[in-house]
Amino acid sequence: MKTLPQKIVLITGATSGIGKATAKVFAKQGYNLIITGRRQKRLDEIKKKYSNKYVVKIKSLCFDVRDLNACKAAIASLKGDWKKIDILINNAGLASGLDPIHEGDIKDWETMLDTNVKGLLYMTKLISPGMVKRNSGHIINVCSTAGHEVYPKGNVYCASKHAVNALTKAMRIDLHVHGIRVSQVSPAHVEETEFALVRFHGDKKKSKIYEDFNPLKSSDVANTIYYIAIQPKHINIQDIVLMGTQQANSLFTDRSGRKFDK
Ligand code: NDP
């Protein structure tokens with residue numbers, strides 16, 4: 001019989017896209033999961049599906065990472081061993097809008113900064129003290145190539161991910177002396193996510209941005225996160241930047257048709 005890792009992984013934003021794919025990879029490998037997001041129905045479905053399919057325990061917490069009190073209440077609701085989170089995957093995030101700076105919507109800006117930066121900080125603030133106490137833990141932030149480069153109309157989303165990149169580095173300086181690894185993954189375009197639909201405020205036509213090239217899939221990023229997590233304890237992968245082969249950087253994408261599908 002397969003030995004269970006018996007580790008607990010908390011994944012924010014596990015109701016779709018990269019977070020959901022990451023939940024699947026870790027569940028398949030026998031990690032117990034705490035999945036979070038704002039959509040209870042989705043959380044229930046995922047919990048049922050993966051706990052029937054794999055030999056793992058799954059807990060779901062439904063809350064908005066922008067709401068500090070809701071984050072506090074969710075983490076406070078964890079009892080016993082569920083408090084001992086081994087791996088925190090700060091994945092919940094979004095782009096909202098794609099406008100030049102002078103036409104940007106302030107509500108979009110606040111949504112992105114509150115979710116991508118403050119939400120990540122709230123979760124880290126609540127979970128890292130336990131890791132420090134145990135002298136063990138791993139925090140994996142889902143950054144983006146937008147945390148390394150900027151592109152036209154990407155202004156505030158890029159700023160929020162540059163902040164994630166800075167926080168990953170800063171958190172590592174503060175936490176490495178406590179035996180805690182801090183890593184990040186920085187993907188470019190990823191399909192099998194709701195990212196584009198959310199960015200374009202539910203406009204399905206505008207969100208069809210992956211039809212003329214072959215981007216990464218959510219499972220590609222999930223497998224990369226898993227790879228970061230399973231390294232021996234003396235190794236900390238600090239960042240993995242990944243793009244589909246048809247993408248060279250944030251500005252150059254070969255949109256001459258989908259290639260390399262097989
Ligand atoms: P999805 O929209 O598919 O998933 C986003 C997840 O974040 C959902 O589960 C959503 O859950 C959750 N979420 C969003 N806002 C909140 C909130 N306020 N509170 C709690 N949960 C929230 O997109 P992706 O999977 O693509 O995005 C995951 C991460 O990957 C993000 O940080 C994104 O910036 C990053 N990324 C994505 C890329 C892409 O091309 N797709 C490229 C590079 C990075 P719910 O709605 O249920 O709350």
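**Before you start**

The model is predicted: local features need pLDDT of at least 70, side-chain atom pairs count only at pLDDT 80 or more, and totals for chains, interfaces and linings use all residues. Residues are numbered from 1 along each chain as its sequence is written, and side-chain values use heavy atoms, with hydrogens and water left out.

**Stop 1: the sheet**

Show the strands first. Helices (H or I, at least four residues) and strands (E, at least two) are DSSP runs, numbered from the N terminus. Seven strands form an open sheet in the order β3-β2-β1-β4-β5-β6-β9, with parallel pairing. Select 58–62 for β3 and 239–242 for β9: these are the edge strands, and each pairs on one side only. Two strands count as paired if DSSP finds at least two bridges between them. On average, neighbouring strands of the sheet are turned by 15 degrees against each other, direction ignored. Axes are lines fitted to C-alpha atoms, for helices over the stretch in contact, and angles run from 0 to 180 degrees between N-to-C directions.

Now select 8–11 and 87–90. These are β1 and β4, which run parallel and are joined by three bridges. Pick Val9: its bridge partner in β4 is Ile87.

**Stop 2: two helices on the strands**

Select 40–53. This is helix α2, which lies across β2 (32–37) and β3 and runs at about 175 degrees to β3.

Next, select 155–175. Helix α5 lies across β5 (137–142) and β6 (180–187), running at about 160 degrees to β6. Check its length: at 1.5 Å a residue, the 21 residues of α5 should span 30 Å, and its end C-alpha atoms are 30 Å apart, which agrees. The expected span is 1.5 Å times one less than the number of residues.

Which residues of α5 are buried? They include Val156, Tyr157, Val164, Leu167, Met171 and Leu175, and also Lys161 and Arg172. Buried means under 20% relative accessible area, exposed over 50%, and partly exposed in between (1.4 Å probe, protein chains only). The cover over the buried residues of α5 includes α4 (106–134), β5, β6 and α6 (195–199). Contact here means heavy atoms within 4.5 Å.

**Stop 3: Arg172**

Stay in α5 and select Arg172. Arg172 is buried yet has no salt bridge; the nearest side chain of opposite charge, Asp239, is 7.6 Å away. For charge, Lys and Arg count as positive and Asp and Glu as negative; His and the chain ends are not counted. Not counting residues up to four places away in sequence, Arg172 touches Val182, Ser183, Asn236 and Gln238.

**Stop 4: salt bridges**

A salt bridge is a side-chain nitrogen of Lys or Arg within 4 Å of a carboxyl oxygen of Asp or Glu. The count comes to 11.

Select Asp64 and Arg66. Their closest N and O atoms are 2.7 Å apart. Arg66 is partly exposed at 31%, and Asp64 is partly exposed at 22%.

Move to Glu191 and Arg258, a salt bridge with its closest N and O atoms 2.8 Å apart. This pair links distant parts of the chain, 67 residues apart: Glu191 sits in β7 (190–191), Arg258 in the segment after β9. Is Glu191 buried or exposed? At 13% relative accessibility, Glu191 counts as buried, while Arg258 is partly exposed at 32%.

Finish at Asp212 and Arg255, whose side chains meet in a salt bridge (2.8 Å, N to O).
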